Amino acid sequence: MPETLLKVRDLAIRFQRDENIVYAVNGIDFDIFKGDVLGVVGESGCGKSVTGYSLLGLIPSMGGRVTKGSIRYERNGETIDLAGLPPKGEAIREIRGKELGMIFQEPMRSLSPVYTVGELIGETVRLHMGLNKKEARERSVELLRKVQIADPEQRVDTFPHQLSGGMRQRVMIAIALSCNPKILIADEPTTSLDGTIEGQILQLLRDLQNERHMSILFISHDLGVIAEMANRVMVMYLGRIMEIADVKTIFADPLHPYTQGLLRSNPSLASGPKSRLEVIPGIVPEATKKIAGCPFAPRCESAMDKCFKKRPPAFGPGKDHIVECWLYE
Amino acid sequence: MSEKAKISDNAVLLQVSGLKKYFPIQRGILRRTTGSIRAVDGVDLSVRRKETLGLVGESGSGKTTLARVAAGLVPATGGSVVFRGSGREVDMTKLGKKEKRIVWRDMQMIFQDPYSSLNSRMPILEIVGESLIVNHGTRGRELRTRVTGLLEKVGLLSSHMNCYPHELSGGQKQRVGIARALALDPELIICDESVSALDVSVQSQILTLLLDLQKERGLSYLFIAHNLSVVGFMSDRVAVMYLGRVVEIASSKELFNRPLHPYSEALLFNYPVPDPNAVGERRVLKGEVPSPANPPQGCAFHPRCPHATDKCKAEKPPLAEVEPEHWTACIRWQEIELQGRPIWKAEAASEH
């Protein structure tokens, strides 16, 4: 049994948007194991990014609130509830950026434009590892080399805007890795990249994960990226978990009608050019109402009366494959 | 070299020949031109009647600029764009404003971002009906009837015509964009990343709608996207662009099964396929995409190409039809062994 690093239980998160309450995450349970790459996949508004940010204690600074549940993180033999830590307190800052690293979708927006690459990486290692200026610079160069940036001694003095999109994402990865995090939270890290550059970054992340045996919460809307990166997959819809299984099972033998629909509507899983594509009817509604039953029921072709009335608990063929759907009662 | 030789003129709806678009780089207080970005650098391609020509390439390859020049939205630096809509033959690069307006009845565009391409102060009735009002003076009840028909065609309700864009979801807005493009019954629609901003389940709905409309109305599409599987799925033929040039054109199946340009092969083997068993097939390409302000000499792909020789550095390879209906801009295509990667399940199964 792999060591469990993080246990999320019954987590619920809300945001206030104008007059509406947005129910972003509505009672989800999952674990992150050591060396695990847990892919989180779903369409916009499913709560996948919010889930990621909650582990970093960033929900309050985004204007939201954890209304229920816990995020239990194992640290040197003791268990800390990340959901209960004050957002700007000493404790979460000790953990965020050091033990929990993060990379985001748009590296240009997440990198401060007034610091050089060396200063950006150096800041983290000086803060968390107590290195002096010279050591921090050396560590920065070493990290840039690690993420395969050519001429790291020169690049360390450049500013983010002087770099291409792919390079900036490499810098983000270098910052995230600078303190040897136990868990990396990667939110759509290649979504702003494409083609051969996306390929390079995915390969880099795979290599680094293999080498460091690091745990990753890998958030993406792209099933191809998930298939490539994850060893377990969690499918989310409207703030709920629909299904969790290992990656091969999710793609070969999905149980939840939503997972099945997502896979079938992917054009690369069609039978060929201009063939019939299966379509999930309807649209993802806004998460401004509390839903009593299964949130997917209104779009589900197998929906029964019960599905609209009562939330399905986690059923499943096994402990490693769970599905929140009444069909599997 | 040109497709014209084989395909009769009339079968080709849009013929792009030697098209160039350079953007000047200006520096200093005098705004002196110090160089140029070669966004489109000599492109030949054609869209035939009732076909979808897919255009794929990485960001910065010039696909969007090509579309905008072809549609006459920005002037060309050189070359021609011959369009044969409604029995007329015109060169889009030589038309004035008034003439373009007439040609646009037959050639429409659907853009990437449904959030910013619709005027937020106009109700859907006016957005969809605008071209009918301007071109045919359609008004009143007739306008409402026509717009209702168009909205229903794209899977919206007639009640949507009184909504404003912000009241609609992303997918619904993209449907409005399609309804607007269909209003004047065009022959060609240029789709520029038209589904890229949409969620998977909505994306498949829009792709299906576009395919159905094509069948029903005999439309031609120039379908531009960076997503290889979306382009492959939508297209009869696919053109691959790199640094302002087309490097390969082939039928969609042929391109995936048997690419004849190393860059196309690289795209195929860098595309994240939704199949965990395909992990490890990636072939990482070294280096970054060079700047179009300073493209490499010879073949623009040579600094990243594993097969490049001295000859590739010296000569700019032409796009040549090396096999029937298969064009490549690689001079070494016969000597090198390239691999295909059929992404479609059914095809992959029949391969083994």
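Two residues are in contact here if their C-beta atoms, placed from the backbone, lie within 7 Å. Keep that cut-off in mind for this tour. The model is predicted.

**Stop 1: the two domains of chain B**

Select chain B and colour it by domain. Domain 1 covers 3–106 + 187–351, and domain 2 covers 117–185. Their C-alpha centres lie 30 Å apart. Now show where domain 1 of chain B meets domain 2 of chain B: 10 residues of domain 1 are in contact with 10 residues of domain 2. On the domain 1 side, helix 6 of chain B gives the most, with 5 residues. That side of domain 1 divides into 7 nonpolar, 2 polar and 1 charged.

**Stop 2: a helix pair in chain B**

Select residues 124–136 of chain B, which form helix 3, and residues 140–153, which form helix 4. Two packed helices are described by the angle between their axes and the distance between the axes. For helix 3 and helix 4 of chain B, the angle is about 120° and the axes are 10 Å apart. What is the handedness of the crossing of helix 3 of chain B and helix 4 of chain B? The crossing is right-handed.

Show the side chains next. Helix 3 of chain B brings B:Leu125, B:Val128, B:Gly129, B:Leu132 and B:Ile133 to the contact. Helix 4 of chain B meets them with B:Leu143, B:Arg144, B:Arg146, B:Val147, B:Leu150 and B:Leu151. The residues of this contact divide into 8 nonpolar, 1 polar and 2 charged.

**Stop 3: B:Leu184**

Select B:Leu184. Look for it in the loop between helix 5 (170–182) and strand 7 (188–192) of chain B. Is B:Leu184 buried or partly exposed? B:Leu184 has 16 C-beta neighbours inside 10 Å, so it counts as partly exposed. Leaving aside neighbours within four places in sequence, B:Leu184 is in contact with B:Arg105, B:Ser131 and B:Asn135. Then draw a distance from B:Leu184 to B:Val200. These two are 16 residues apart along the chain, and their C-alpha atoms are separated by 29 Å.

**Stop 4: the two domains of chain A**

Move to chain A. Here domain 1 is 4–99 + 179–328 and domain 2 is 107–178. The C-alpha centres of these chain A domains lie 29 Å apart. At their contact, 14 residues of domain 1 of chain A touch 13 residues of domain 2 of chain A. Highlight helix 8 (residues 195–212) of chain A, which gives the most to the domain 1 side, with 5 residues. The domain 1 side divides into 9 nonpolar, 4 polar and 1 charged.

**Stop 5: helix 1 of chain A**

Select residues 48–55 of chain A. The buried residues are A:Lys48, A:Ser49, A:Val50, A:Thr51, A:Gly52, A:Tyr53, A:Ser54 and A:Leu55. Step just past the helix to A:Gly57, which takes a positive phi of about 70°.

**Stop 6**

Select A:Arg75, in strand 4 (residues 64–75) of chain A. A:Arg75 is partly exposed, with 15 other C-beta atoms within 10 Å. From A:Arg75 to A:Gly42 is 30 Å, C-alpha to C-alpha, and 33 residues in sequence.

Next, pick A:Met129, in helix 4 (residues 117–129) of chain A. A:Met129 has 14 C-beta neighbours inside 10 Å and so counts as partly exposed. A:Met129 and A:Pro60 are 69 residues apart in sequence and 26 Å apart in space, C-alpha to C-alpha.

**Stop 7: where the chains meet**

Show both chains. How many residues does the contact take from chain B and from chain A? The contact takes 40 residues from chain B and 40 residues from chain A. On the chain B side, helices 6 (200–217), 7 (228–234), 8 (252–257), 9 (262–268) and 11 (345–351) each supply at least two residues. Helix 6 of chain B provides the largest share, 8 residues. The chain B side divides into 19 nonpolar, 13 polar and 8 charged.

**Stop 8: the nonpolar core**

Finish inside. The largest nonpolar core has 196 residues. Those with the most contacts inside it are A:Leu217, A:Phe218, B:Ala70, B:Leu222 and B:Val240. Helix 7 (residues 165–177) of chain A contributes the largest share of this core, 8 residues.

Zoom in on B:Val240. Not counting residues up to four places away in sequence, B:Val240 touches B:Val56, B:Gly57, B:Val246, B:Val247, B:Glu248, B:His261, B:Tyr263, B:Ser264 and B:Leu267.

Conventions: Residues are numbered from 1 along each chain as its sequence is written. Chains are lettered from A and ligands numbered from 1 in the order in which they are written. This is a predicted model: local features need pLDDT of at least 70, side-chain atom pairs count only at pLDDT 80 or more; totals for chains, interfaces and linings use all residues. A nonpolar core is a set of buried Ala, Val, Leu, Ile, Met, Phe, Trp, Tyr and Cys residues joined through C-beta atoms within 7 Å. A residue is buried if 20 or more other C-beta atoms lie within 10 Å of its own, exposed if 12 or fewer, and partly exposed in between; C-beta atoms are placed from the backbone. Helices (H or I, at least four residues) and strands (E, at least two) are DSSP runs, numbered from the N terminus. Axes are lines fitted to C-alpha atoms, for helices over the stretch in contact, and angles run from 0 to 180 degrees between N-to-C directions. A crossing is left-handed if the near helix is turned anticlockwise from the far one by less than a right angle, and right-handed if clockwise. Ala, Val, Leu, Ile, Met, Phe, Trp, Tyr, Cys and Pro count as nonpolar, Asp, Glu, Lys and Arg as charged, and the others, Gly among them, as polar. Domain bounds come from an automatic or database domain assignment.
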